[in-house]
Amino acid sequence: MRDPERRRRAMLVNTITIILAVGITVYLIWALKELILPFVLGILLAYLFRPLRSAFKYRWLPNGIRVVFLFTLLTSGILIGIKFIKNNIPNDKEKLEILVRLKYKFNEKFNSMMGFDQATGKGNAMFNLISQDLSPLKNSINGYLELSPDQQEAFLEFRDGVEGFEPVSEKYYQYFLINTKKVEQPKREPAKTAVVAATIPNTAKEKSVLKTAMGILSIWFLLPIVFVFFLLDDGIIGQFFIRLVPNRYFELVLTVKDEVDQAIGKYLRGISMECGLVFISMTAGLYVVGIGLKMAILIGILAGLATAIPFLGPVVGLSFGLTHALIVEEINPLLPFVSMDNLPVAVFFAIGIVLALDNIVFQPIVLGGAVNLHPLIVIIGIMAASMMFGMAGVLLAIPSIVIIKVIIQHTFGGLKDYRII
Amino acid sequence: MPKNGLEEIFWGLNFRRKKSAEVSRNEFLKTMPFFEHLTLKQLRKLANYLHERRYEEHEYLFEINHPGAALFMIATGEVAVVTSSDSKSATELARIRPGEFLGELALLDESPRSASALAVKPTLTYALFRGDLNQLVLSEPEIACQVFKALAIIVGERLKATNRQVGLVRKAA
């Protein structure tokens, strides 16, 4: 046994070291807070890919090459995904067109459902029964989709032709006229006015965006580095931290670390697989009912990503799917009974089937053995994290909740097993 | 904190010393029955999973009835296996010396320790954690297989020895 004087000295040194370490850690977290998100995401991605590293295990294939291969796979996947989404994000002209088409199609579908005749002002039995009750809702939706005077001016300028943009099609221009009840106007000379100029980024804006993008890129450069190092790690990093643990807690810490490690890995891999399955089934479902493949993939990606947050996946799929079903001009359904008239209903059913599949098949299978988080905790956690840390909080909320839950669960169990409490 | 814990922070500064320490560690590991059939490359990989722990005199490596989680290999020092954690009522069952090991059953399951292990001299050990061995099954199955095979042989030998002892006791009775 160590003598009391030596023990006192050891305690003093340990206390000073711990205070210094905590102080430096807090300062570094505060000073380098921008690096935290790419750093933590790099670690989480390494967690996700760890089983794949073992899957590609061949005697002739060195560890480094396996990691480089996975890194290339990950980077390519991310880049292709970003490029696909970026190419399909509507520009200023397309945004205005979508609003015009939405308003037109909404009124058209509403009137057709009510059998409403513009000339006589009369409709079918449904019209007589509920049109007055639905009128405030219809007006409020129309008000929401209404173009502001500036937007109307910009739309007309896009119709006349603006450099770098295709002119607005005649069909959409007719929709615009019907929406705004305007008389057809002759095409004007193409001119860049202040209205359109305001909607298009200028060079100065582009420069500042480029500068920000470069800054973000340099920060995000950390992600692949962290990913590679954590994927290459054969336990050295964990071992270093275990060395700092006093002998009395050595086995306890190892056990808790292992359980936390497994629980987080299972949860992250489970949730990623669930998101992937929702993406595939949502894309397939929408394609089958006639939505174009490109749009079906886009809605599938968005719904798949949103599946990480409870209830958000179907909501995202439903809102984007129904919106698209409302404005789409042409469909190629694989099912013979789907037509333009019943497309929104078909989309609704397709997304309902994906939701049922997610709840009955995907979740029990892929998340069966993983940590069970109450949806309310997840939603409150995400909201709180987004208020505190913005986008970083939203991305890291779920893994953080899992880590905290697992650590609390296993640490208390372990402390009791080892008779420390 | 272990003696060389802070040194580890300054990776590379003590490269030469670390290299020679690594060689002697690998030589030591090669003498252990669990690892005698491993190649040097495999031994180096496995060494990444081993935890070096230093115990003071009269410090417990583990205590009776606590869940077992790791195998301990004694590099230097001496450990007494005792029936209780209470020093007054404890009966010494065995003495474990350098080159020997204890707590090997913890690699198979987390059943409670059947005895306590007390360092009777300042002791340096290498610990192999069950979770790490399970991970090795996936990442380095050949290494894990060798370790489990050696473990099965050791447990089998001990069972045979116990049966011989029981036979002798019965004969004597």
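This is a predicted model: local features need pLDDT of at least 70, side-chain atom pairs count only at pLDDT 80 or more; totals for chains, interfaces and linings use all residues.

Modeller: Let us begin with a term: helices (H or I, at least four residues) and strands (E, at least two) are DSSP runs, numbered from the N terminus. Two residues are in contact if their C-beta atoms, placed from the backbone, lie within 7 Å. Axes are lines fitted to C-alpha atoms, for helices over the stretch in contact, and angles run from 0 to 180 degrees between N-to-C directions. In this structure, helix 3 of chain B lies across strand 3 (70-76) and strand 8 of chain B, and runs at about 45° to strand 8 of chain B.

Biologist: In what order do the strands of the open sheet of chain B stand?

Modeller: Two strands pair if DSSP finds at least two bridges between them. The open sheet of chain B has 4 strands in the order 1-8-3-6, with antiparallel pairing. Strand 1 and strand 6 (101-102) of chain B are at the edges with a single partner strand each, so one side of each is left without a neighbour in the sheet. Strand 1 of chain B is joined to strand 8 (residues 123-129) of chain B by 6 bridges, and L50(B) stands opposite L128(B) in strand 8.

Biologist: Which strands of chain B pair with strand 4?

Modeller: Strand 4 (residues 79-82) of chain B runs antiparallel to strand 5 (residues 92-96) of chain B, with 4 bridges between them; there, V79(B) has I96(B) as its bridge partner. Strand 4 of chain B also pairs with strand 7 (residues 116-119) of chain B in the antiparallel sense, over 4 bridges, and V82(B) has S116(B) as its bridge partner.

Biologist: How are two packed helices described?

Modeller: Two packed helices are described by the angle between their axes and the distance between the axes. In chain A, the axes of helix 12 (residues 250-288) and helix 15 (residues 343-366) come within 9 Å and cross at roughly 155°. That makes helix 12 of chain A roughly antiparallel to helix 15 of chain A, a label for angles over 145 degrees. Among the residues that meet are L277(A) and V278(A) from helix 12, and V354(A) and L357(A) from helix 15. By class, this contact has 14 nonpolar, 4 polar and 2 charged residues; Ala, Val, Leu, Ile, Met, Phe, Trp, Tyr, Cys and Pro count as nonpolar, Asp, Glu, Lys and Arg as charged, and the others, Gly among them, as polar.

Biologist: Is R25(B) buried, exposed or partly exposed?

Modeller: A residue is buried if 20 or more other C-beta atoms lie within 10 Å of its own, exposed if 12 or fewer, and partly exposed in between; C-beta atoms are placed from the backbone. R25(B), in helix 1 (residues 15-31) of chain B, counts as partly exposed because it has 19 C-beta neighbours inside 10 Å. In chain A, buried residues make up 24% of the 421 residues.

Notes. Residues are numbered from 1 along each chain as its sequence is written. Chains are lettered from A and ligands numbered from 1 in the order in which they are written. Angles under 35 degrees count as roughly parallel, over 145 as roughly antiparallel, 65 to 115 as roughly perpendicular and the rest as oblique.
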